[in-house]
Amino acid sequence: MQTVRVELGERSYDIVIDTGILSGIGERIKGFNFSKVAVISNPTVFNIYGDVVINSIKNAGFETLNVIIPDGEEYKNFNQTYQILTELLKNKLDRKSCLIALGGGVIGDITGFVASIYMRGIDFIQVPTTLLSQVDSSVGGKTGVNHELGKNMIGTFYQPRLVWIDIDTLKTLPKREILCGIAEIIKYGVIWDEELFEFLMHHRESILNLDPLPLTHIIRRSCEIKAEVVSKDEREAGLRAILNYGHTIGHAIETETGYSRFLHGEAIAIGMNREAWLSEIMGFLNRKDALKIKAVIDSYGLPSELPEDLNADKLISHMKLDKKVEAGEMKFILPEKIGKVKIQKGIDIENVRKALN
Ligand SMILES: NC(=O)c1ccc[n+]([C@@H]2O[C@H](COP(=O)([O-])OP(=O)(O)OC[C@H]3O[C@@H](n4cnc5c(N)ncnc54)[C@H](O)[C@@H]3O)[C@@H](O)[C@H]2O)c1
C-alpha cells in the first residue's frame, strides 16, 4: 500500500494507492465517526463496484445510502446538484455525515461541490475509478459543475478527507479512457519530472497491460507531483497554473468541437504537442525535446496533431475567452526542457497561429 500525503495544515489528507483495496474503505474510515455515509455514483460504476463499497461501509458499522445520477459530463450541472442535495436532506444527513464519490472526474467534481455547500460543508472522500481521476481530478480540491455558458465555471476549492485509489478498478475502464489518464501523466513528466517522462517512454507495453507495478509507480508519482504543487499553491495564485500545460489549446479544441469529438485527455494531448512547438518557436525549448514530447504522445496512440478542419483563428478566439486569460492577456505554460516549464504571459498571437499550423 502506497500513501501520498497532501500537506495543507489542518486540511491535510492521505492518498492511498494499491490493488484490491476497494473493500477496505469501510475499515479505513471507521475512526472518522461519521453519522451517515452517502455514496454518490452513476449506474455504470455503481453496477460494477457499488455493492463492494456499500457492504464495506455497512460492515464497518455505518448507516449508508446511495445516490445515483446519470452517467455523463452533461449531468455535471446544477440540476443534478439540486437532486443530490434533495436526497441528502430527505435522508436526514447532518453535519457529521460524509459523502463518498465513487466514479470518475464527473462524479468526483459534483460530489465535492455538493459536500462543500451542504450544511455549509461536510466531509467527502474520493474513490476515483478512472485513470484521469486517480492522477488528477480527485486530488487538489477543485470541485464544481458546468454552466450552460461555460465548463467548470461554478465551483469551490474544497479538499477531500481521503483519496482511496484501487487500481484494479481500471480493469473495467475502456482503453480510450485509460489513454486520457496517460495524457495527464505525460503532462506531469513534462512539467516536473524527466524520470517519469522517461519511464513512460520505456514501459509503454506493461503500462498499457495494466501491470500493477509500473501502473502503481506512475499513479503514485503523479499524485506526489500534484500534491506538492497543490500544497505550495492551493488556490492557483501562481505555481498551480503549471498543471494547465496543454490545456490552453486543449480547451479551445474541446470548445470548438462541442465537447463531443475528443475526450478531454485527447484534446490535452494535442494541446501539449502544439504548446511544445509554441515554446520551440519562441526559442525556449530545443527541437529535440519538442520531438520527444510528440513521440511519447504518439507512442501511446493519443492524437498529437490538430485535425485539418479545425480553424486556427477560431481556436484563438476561444483561447481569448478562456478562464485562464488574465487582464486580456493569454497565458501559456511552456516547456523549457523535459521536466521544467515556465508560465508565459503576453504571447504574440502570430506565434500562437504558427504553432497551430
Ligand atoms: N477537479 C479537477 O481538478 C479536475 C481535473 C481534471 C478533470 N476534471 C473533470 O473530470 C471530468 C472528467 O473525468 P473522467 O475523465 O474521469 O470522466 P468521467 O467521470 O466521465 O468517466 C469516464 C467514463 O468512464 C466510466 N467509468 C468510470 N470508472 C469506470 C470503471 N472503473 N470501469 C468502467 N467505466 C468506468 C464513467 O461512468 C464514464 O462513462 C471532467 O468533468 C473534468 O472537468 C476535474
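The shell around the ligand draws at least two residues from each of helix 2 (43-59), helix 4 (105-117), helix 5 (131-137) and strand 8 (150-157), where helices (H or I, at least four residues) and strands (E, at least two) are DSSP runs numbered from the N terminus. The model is a predicted one, in which local features need pLDDT of at least 70 and side-chain atom pairs count only at pLDDT 80 or more, while totals for chains, interfaces and linings use all residues. Residues are numbered from 1 along each chain as its sequence is written, and side-chain values use heavy atoms, with hydrogens and water left out.

In total, 24 residues surround the ligand, and the closest are Glu73, Gly105, Thr129, Thr130 and Thr172; a residue is counted here if one of its heavy atoms lies within 4 Å of the ligand. By residue class, the shell divides into 5 nonpolar, 10 polar and 9 charged residues, with Ala, Val, Leu, Ile, Met, Phe, Trp, Tyr, Cys and Pro taken as nonpolar, Asp, Glu, Lys and Arg as charged, and the others, Gly among them, as polar.

Of the 870 Å² of accessible area that the ligand has on its own, the protein covers 88%, as computed by the Shrake-Rupley method with a 1.4 Å probe.

Methionine 119 is placed in the loop between helix 4 and strand 6 (123-128), and glutamate 236 in the loop between helix 9 (212-232) and helix 10 (247-256). Methionine 119 is partly exposed, with a relative accessible area of 35%, and glutamate 236 is likewise partly exposed, at 24%; this term covers the range between buried (under 20%) and exposed (over 50%), with a 1.4 Å probe and protein chains only.

The lining of the second largest pocket includes Glu10, Arg11, Asp123, Tyr158 and Arg235, and its residues divide into 4 nonpolar, 2 polar and 6 charged.

Note on methods. On a 1 Å grid over the protein atoms alone, a cavity is a set of points where a 1.4 Å probe fits but cannot get out, and a pocket is an open set with protein on both sides within 12 Å along at least five of seven lines; lining residues have an atom within 4 Å of a point.
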